[in-house]
Amino acid sequence: MTLGRKASIIEVTATIGDSVQTFVTDRHHHNTAQSLDQKRLVKQLLEGRQILETINKPEYTEDGRVTPWHHHPAVVMWKGHESALLSYLTAIKAEMVHRGYKYEANWDAILGAMTELADKDMIGAGNPSWIVNTDVYDNVIATHRASLYRKDSEHYAEWCDEHGDVCCTACNYYWPGHVA
Ligand SMILES: [Zn+2]
């Protein structure tokens, strides 16, 4: 009974973890936010929250294992650049406000995690290298556009010809810092 329950929790975590992505479809976060369909726009705030809450936990558990998600590429790509993630999430939130979606619970959790990180002096400033290097940034954007088109070819019809180079054959995206 206990084992079965534990297994199902792990399964759920794995499923969520596999789908975590902070979509960037444009060099400007405001344009990214505007481009996203309702489901994915709402999801970005939740995923940003989960990334910040993960960064806020120690990298290793007390028994020496990696804290779940800590090495997930979506966490790795923002770790050390939490203020950049916050500006991304601020644009997502602004678009949610504009469209009249509920954002309060996830936003409060995001600000809470940022406050705790600030207290620990753990907020990295500046943009991550995958944003600073515009060639890499444009490639990340292209793989995200291509993925969104695969998920919803109607909403993202304008990106039918987007491809970009994925990081490795196992991935559908170019994950910065993911070396095959
Ligand atoms: Zn990869």
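Student: What percentage of the 180 residues in the protein chain do buried residues make up?

Tutor: Buried residues make up 31% of the 180 residues. The model is a predicted one, in which local features need pLDDT of at least 70 and side-chain atom pairs count only at pLDDT 80 or more, while totals for chains, interfaces and linings use all residues. Residues are numbered from 1 along each chain as its sequence is written.

Student: What makes G48 count as buried?

Tutor: A residue is buried if 20 or more other C-beta atoms, placed from the backbone, lie within 10 Å of its own, exposed if 12 or fewer do, and partly exposed in between. G48 has 26 C-beta neighbours inside 10 Å and therefore counts as buried. This residue lies in helix α3.

Student: Which residues does G48 touch, not counting residues up to four places away in sequence?

Tutor: G48 touches T22, L85, Y88, L89, I92 and I110. Contact here requires C-beta atoms, placed from the backbone, to lie within 7 Å of each other.

Student: How many helices and strands are there in the protein chain?

Tutor: The protein chain has eight helices and zero strands. Both kinds of element are DSSP runs numbered from the N terminus: helices are H or I with at least four residues, strands are E with at least two.

Student: Why are α3 and α6 called roughly parallel?

Tutor: The axes of α3 (residues 38-55) and α6 (residues 104-119) cross at roughly 25° and come within 9 Å. Axes are lines fitted to C-alpha atoms, for helices over the stretch in contact, and angles run from 0 to 180 degrees between N-to-C directions. Angles under 35 degrees count as roughly parallel, over 145 as roughly antiparallel, 65 to 115 as roughly perpendicular and the rest as oblique. The two helices are therefore roughly parallel to each other.

Student: What classes of residue form the contact of α3 with α6?

Tutor: That contact divides into ten nonpolar, two polar and two charged residues. Nonpolar covers Ala, Val, Leu, Ile, Met, Phe, Trp, Tyr, Cys and Pro; charged covers Asp, Glu, Lys and Arg; the others, Gly among them, are polar.

Student: What makes α3 roughly antiparallel to α5?

Tutor: α3 and α5 pack at an angle of about 155°, with their axes 9 Å apart. This angle lies over 145 degrees, so α3 is roughly antiparallel to α5. Among the residues making the contact are G48 and I51 of α3 and L85 and Y88 of α5. By class, the contact has eleven nonpolar, two polar and three charged residues.

Student: How does the length of α5 compare with the span expected for it?

Tutor: Helix α5 (residues 82-99) has 18 residues and reaches 26 Å from its first C-alpha to its last, close to the 26 Å expected. The expected span is 1.5 Å times one less than the number of residues. The buried residues of α5, including L85, L89 and I92, pack against α2 (29-35), α3 and α6.

Definitions and conventions:
Two residues are in contact if their C-beta atoms, placed from the backbone, lie within 7 Å.
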